[in-house]
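Open the model in your viewer and keep the selection tool ready. Each stop below says what to select and what is there.

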Amino acid sequence: RERARERAGRTMVLASDVDLLNPSAEHERRSHKLKRLVQSPNSFFMDVKCQGCFNITTVFSHSQSVVVCGTCAAVLCQPTGGRARLTEGCSYRKKQD
């Protein structure tokens, strides 16, 4: 039987088989920051545009305090247990390295 399988060229591929040298982007994004192929943080800085005065403020993604606009004193984001929650209507973009 084994010879017949070898002749047919069939090999069993398990669902748990993962290419460790070339992981998918989705797998890298979901994995822990220390268990990625190249370690990288989950946090980032972002430019947040105020919905009232359209002033741009730089905010840390995991800020632990309330961030307010410098000109109109509107609340831009509220801290949570992890990432900061942006106020509705505020737009943001990630800062480039």
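Start with Thr57. This residue counts as buried because its relative accessible area is 18%, under the 20% cut-off. Keep in mind that the model is predicted. Thr57 sits in strand β2, which covers residues 56-60. Now show its surroundings. Beyond residues up to four places away in sequence, Thr57 touches Met46, Asp47, Val48 and Leu76.

**Step back to the whole chain**

Colour by secondary structure. How many helices and strands does the protein chain have? There are two helices and six strands. Going along the sequence, the pattern reads α-α-β-β-β-β-β-β.

The accessible surface of the protein chain is about 8200 Å², and carbon and sulfur atoms account for 51% of it. Of the chain's 97 residues, 18% count as buried. Among contacts with a separation of 6 or more, 27% are between residues 24 or more positions apart.

**The three-stranded sheet**

Select β3, β4 and β5. They form an open sheet in the order β3-β4-β5, and the pairing is antiparallel. Which strands are at the edges? They are β3 (67-68) and β5 (85-86), each of which pairs on one side only.

Zoom in on β3 and β4. Strand β4 spans residues 75-78 and runs antiparallel to β3, with two bridges joining them. Pick Val68 to see a bridge partner: in β4, that partner is Val75.

**Val67**

Stay in β3 and select Val67, which is located in this strand. Is Val67 buried or exposed? It is buried, because its relative accessible area of 16% is under 20%.

Display its contacts. Setting aside neighbours within four places in sequence, Val67 is in contact with Val59, Ala74, Val75, Leu76 and Cys77. Then draw a C-alpha to C-alpha distance from Val67 to Pro79. The two are 12 residues apart in sequence and 8.7 Å apart in space.

**The nonpolar core**

Next, select Phe44, Met46, Val48, Cys50, Val59, Val67, Cys69, Leu76, Cys77, Ala84 and Cys90 together. These 11 residues make up the largest nonpolar core. Strands β1 (45-49) and β4 each supply at least two residues of this core. Val67, from the previous stop, is one of its members.

**Cys77 and its neighbours**

Show what surrounds it. Not counting residues up to four places away in sequence, Cys77 touches Val59, Ser63, Ser65, Val66, Val67, Ala84, Arg85, Leu86 and Thr87.

**The cysteines**

Now show the cysteine sulfurs. How many disulfides does the structure hold? It holds zero. A disulfide needs the two sulfur atoms within 2.5 Å.

Move to Cys90. This residue is in no disulfide either: the nearest cysteine sulfur, that of Cys50, is 6.1 Å away. Cys90 is buried, because its relative accessible area of 13% is under 20%.

**Last view**

Bring the core selection back. Cys50, Cys77 and Cys90 are all among its residues, yet the structure holds zero disulfides.

Conventions: Residues numbered from 1 in each chain as written. Predicted model: local features only at pLDDT ≥ 70, side-chain atom pairs only at ≥ 80, totals over all residues. Heavy atoms only, no water. Pairing = 2+ DSSP bridges. Helix = DSSP H or I, 4+ residues; strand = E, 2+ residues; numbered from the N terminus. Core = buried A, V, L, I, M, F, W, Y, C linked by side-chain atoms within 4.5 Å. Buried < 20%, exposed > 50% of the residue type's maximum accessible area, 1.4 Å probe, protein only. Contact = heavy atoms within 4.5 Å. Areas by Shrake-Rupley, 256 points an atom, 1.4 Å probe, with all protein chains shown as cover.
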